[in-house]
Amino acid sequence: MMTAQHHCDVPAAAMAKPEALVYPFRLPNTASLIEIAPGILWLRMPMPLTLNHINLYLLAAGDGWLVVDTGPATAEAIAVWASLFDGPLAGRRIAGVVCTHFHADHSGLARMLCERSGAPLLMTPREYYWRLAWPGMLTEIPAEHAAFYHESGYPAELTREANGIFTSLALVLPMPLSFRRLREHERVPHVDGDWRVLIGHGHSPEHAMLYCASRSVLISGDQLLPQISTNISVTAIDPSAEPLSEWLASLERLLAIPDETLVLPAHGLPFRGIHARVGQLRSHHERELRSALAACARQPCSAYQVSKALFPGPLKGIAHVLALGESLAHLHHLARSGDVVSALDGSGVRRFRACRATQLTKGEEHG
Ligand SMILES: [Zn+2]
């Protein structure tokens, strides 16, 4: 989320090996509706961010369409939707609006689309309530958040930038005041065909994916992206979270889906090769865990120091805080498995250090 960047924009060493995945569709030139298969349309919506697009999908639903994700509330995205409603969607009913998760690029225009069409909003409960609970644009750093950044060893000059993560609210219209609940394994309402809801965790609290086994198609949202690694973060709002275990477990569950399935991701190109991509992402996190552990074996490290080890390149804007969040996610995972322990130092900064047994095995191996 949060800004569209929040989710997946940390420059990571997780670029997919192109040969491992197959991309059956080319990059479209314009934000137009592209037929992926009968009854499945793809719309690559531009975004004014480093991550410059989000893929939206429309699924045939009787005499209309089910919209899957909305795009952010930008003038450009609103104009794209207006041109579609005046053009190829003219006279067509919108049967429902699915937001796979609460992040701004996925839910920003939910209210506009629902109000215009009278269609229901379809979300998992935790995503809907997280959207409602997300703080407004914060001009002052709340004391709780300041404490989180201080404990992480975050430089004071970056903390103000970190607060910018909440400016994503500028990309979201107020949400509709009711929603229809999506439940795991249940059929997706309104849509033609046997589409089922799958749930993933770790990137956001209860991320919905839509899967049609008979057509071998998975709309994966941010749960499986072909070219960038999804951001897995601990945030100031929920500082004791350990999202990486949930994320890795969700990745494993994707292996139950046949490898020939066409994956329609929220960012990047549609692809085949779920199993290869799951393997790449698993390896990516294993490398990050080893790097974090090696850093903590050399000396007790703050989360910020670990983030510099994991993301050594220059980072702009909120990429800093995404890197911090991702580093904490890996540190909390290591702490849970007993590989690191942490304590506050004299200045209130939490230092993580590798456990002795770990240093002698994993630390030497990778240090
Ligand atoms: Zn996201």
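**View 1. Leu21 sits in the loop between helix H1 (4-8) and strand E1.** This is a predicted model. Is Leu21 buried or partly exposed? Leu21 has 19 other C-beta atoms within 10 Å. A buried residue needs 20 or more, so Leu21 counts as partly exposed. Now look for Arg277. Leu21 and Arg277 are 256 residues apart in sequence. In space, their C-alpha atoms are 7.4 Å apart.

**View 2. Strands E1 and E2 form a hairpin.** Strand E1 covers residues 33-37, and strand E2 covers residues 40-46. The two strands run antiparallel, and four bridges join them. Pick out Leu33: its bridge partner in E2 is Leu43. How many residues lie between the two strands of the hairpin? There are two residues between E1 and E2. Gly39 is in this turn, and its phi is positive, at about 80 degrees.

**View 3. Seven strands make an open sheet.** Follow the strands across in the order E1-E2-E3-E4-E5-E6-E7. The pairing in this sheet is mixed. Which strands are at the edges? They are E1 (33-37) and E7 (180-181), and each pairs on one side only. Keep one general rule in mind here. In a regular strand, side chains alternate between the two faces of the sheet.

**View 4. Strands E5 and E6 pair in the parallel sense.** Strand E5 spans residues 93-98, and strand E6 spans residues 121-123. Two bridges link this pair. Find Val97: its bridge partner in E6 is Leu121. Helix H4 (residues 110-117) also belongs in this view. Helix H4 lies across strands E4 (64-68), E5 and E6. Its direction is at about 150 degrees to E5.

**View 5. Helices H9 and H11 cross at roughly 80 degrees.** Helix H9 covers residues 274-298, and helix H11 covers residues 319-336. Their axes come within 10 Å. Angles of 65 to 115 degrees count as roughly perpendicular, so H9 and H11 are roughly perpendicular to each other. Glu288, Leu289, Ala292 and Leu293 make the contact from H9. From H11 come Ser327, His330, Leu331, His333 and Leu334. What kinds of residue make up the contact of H9 with H11? Five are nonpolar, three are polar and one is charged.

**View 6. The whole protein chain holds 12 helices and 14 strands.** The chain has 367 residues, and 50% of them are buried.

Terms used
Residues are numbered from 1 along each chain as its sequence is written. This is a predicted model: local features need pLDDT of at least 70, side-chain atom pairs count only at pLDDT 80 or more; totals for chains, interfaces and linings use all residues. Two strands pair if DSSP finds at least two bridges between them. Two residues are in contact if their C-beta atoms, placed from the backbone, lie within 7 Å. Axes are lines fitted to C-alpha atoms, for helices over the stretch in contact, and angles run from 0 to 180 degrees between N-to-C directions. A residue is buried if 20 or more other C-beta atoms lie within 10 Å of its own, exposed if 12 or fewer, and partly exposed in between; C-beta atoms are placed from the backbone. Angles under 35 degrees count as roughly parallel, over 145 as roughly antiparallel, 65 to 115 as roughly perpendicular and the rest as oblique. Ala, Val, Leu, Ile, Met, Phe, Trp, Tyr, Cys and Pro count as nonpolar, Asp, Glu, Lys and Arg as charged, and the others, Gly among them, as polar.
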